[in-house]
Amino acid sequence: MKDILEDLNKEVGVRGCAVVTRDGIVVAAHLGSGLSEEAVAAMASSIIIATEKAAEGLSLGRLQEFILSSAYGKMVFVDLERAFLVVVADMTIDLDMTLLQIAGAAHRLRNILTLNP
Amino acid sequence: MTPAFGRPGKGAHRRKLERELARDPTAGRAAELIREYVRSGETGRALEIARKAAAEFPEAEDITRLLSQAERLWRRERITHLRSTVEGKSAKAEEYAELAELLNQAGDAGAALEACMDGLAAFPKSPELHLRLGGMRMERFRESMLAKDGIAALQALEKAIEIQPSTSEAALLLGQLYLEIGCTSRARELVDKVSRLYLNDERMLKLQEALRRAEPDRCDEPERACKDVERAQCLVMDLGGEGPHGRPAPVFTSEAMAARLSKVPSFAGFRAAVLLGEEGATMASKVEKGIDAGKVAEAIGDVIEAAQSGSLRMDTGAFNEGVVKTSEGRIYLRTVPTGRFAVICGGETKSDAALDYISAVTSLGSQ
């Protein structure tokens, strides 16, 4: 998992990434300076819970992905079934390109989590 | 170009009018003569007379209107001429610069920028073209308040000065830009260097006066200052306060949005659209049968609150927009002045259709 996150972290604009459970437990993380595991986990848990609840309340099924854009950066949350991949990026990220890398990383992480329950 | 009433024109009638106007100048005679020259296609001469007449009869509305018409016609002809010139191989940098300036005056900022860029491709060391580019980017920055426009303006003006340190016009513009973004010390430094070239110049006097009243540096790094301006503008727009340069920020009112939501046709898979105010209250909504608007607003409000708080905690600035993909649909979230707009749609929705819908509603929403 560390290797996959480390590779993802090499993408231009990525500040850090982590695998976090719904209740905010960090399974693995590779974060750049300025990002703490605790802060990322708390932020991710709060966003995931609110979004899952909204999806359920609006009969939209299971949350798969949430791409969030802010003034100076972006965040991506991808469902790994038993946890979520969280990517924090700055403004320089080319999301069209990096989303492919994120999807690839999520696929590999999902396999690892399935094989190692 | 020295406008003069007494210069003979073509045709007996025009000559007669010229004589009469020279002998007894009135706004009516000047207007008739301008119309004659416009009719005969001599727009350069028409413009000369119109400028002179506008200076002599500043209260005459007819003259003001004719001057504006003559300017438009002359500009159009000149643009056509310059376009054909720059297509040839012998074009000069100043011709590109003039073309850019005229296109900008004609309101075609995109084409003006393109002309500048074409010119710079041919003459990368032309200070005049860098100056024009900087000036246009600066105008755009004042309108858009987007950091990228401000940074492009800084770079172009700095380049103009680097190529030709005596380019005082670029220094004046750059000084104004520094002041506007809060880099006061840099503005003072630059203005001190060029002020002697602008003795009694109104713009320089105004800038010096503004600098005397200016607050200390808000930021010493110009590029970061441009980003701060963009960020501050987002906050101002969110709060519904003043927009760029004191203009009122566009505001989405409940009534206007409700009207627009009912006018813009929905798309296949559409379930609901809601506009939430700053406090999370529903300002306007449109929902399909069987969907509870209150429930939608509550769910969306919670997501936005979490997204906003998460963005700030990760130091990525204010939340702007988001897309939630689920197994059976999507939620699109977008920040609009004074609130957040959300569209909920089912799995059969094509993302282009949803995005077109959001653009149609939100672009009409400002007033």
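1. In this predicted model, helix 2 of chain A is followed by S59(A), a residue with a positive phi, near 55 degrees. The helix itself has 21 residues and reaches 30 Å from its first C-alpha to its last, close to the 30 Å expected at 1.5 Å a residue.

2. The contact between the two chains draws 28 residues from chain A and 32 residues from chain B. On the side of chain A that touches chain B, at least two residues each come from helix 2 (37-57), strand 3 (63-70) and strand 4 (73-79). Helix 2 of chain A gives the largest share, ten residues. By class, this side of chain A comprises 16 nonpolar, nine polar and three charged residues.

3. Strand pairing also links the chains. Strand 3 of chain A and strand 3 (residues 319-326) of chain B run antiparallel and are joined by seven bridges. Within this pairing, I67(A) has V323(B) as its bridge partner.

4. Within chain B, helix 10 (residues 184-194) packs with helix 11 (residues 202-213) at an angle of about 140 degrees, the axes lying 11 Å apart. The crossing of these two helices of chain B is left-handed. From helix 10 of chain B, T184(B), A187(B), R188(B) and V191(B) meet L207(B), Q208(B) and L211(B) of helix 11 of chain B. This contact has four nonpolar, two polar and one charged residues.

Notes
Residues are numbered from 1 along each chain as its sequence is written. Chains are lettered from A and ligands numbered from 1 in the order in which they are written. This is a predicted model: local features need pLDDT of at least 70, side-chain atom pairs count only at pLDDT 80 or more; totals for chains, interfaces and linings use all residues. Two residues are in contact if their C-beta atoms, placed from the backbone, lie within 7 Å. Helices (H or I, at least four residues) and strands (E, at least two) are DSSP runs, numbered from the N terminus. Ala, Val, Leu, Ile, Met, Phe, Trp, Tyr, Cys and Pro count as nonpolar, Asp, Glu, Lys and Arg as charged, and the others, Gly among them, as polar. Two strands pair if DSSP finds at least two bridges between them. The expected span of a helix is 1.5 Å times one less than its number of residues. Axes are lines fitted to C-alpha atoms, for helices over the stretch in contact, and angles run from 0 to 180 degrees between N-to-C directions. A crossing is left-handed if the near helix is turned anticlockwise from the far one by less than a right angle, and right-handed if clockwise.
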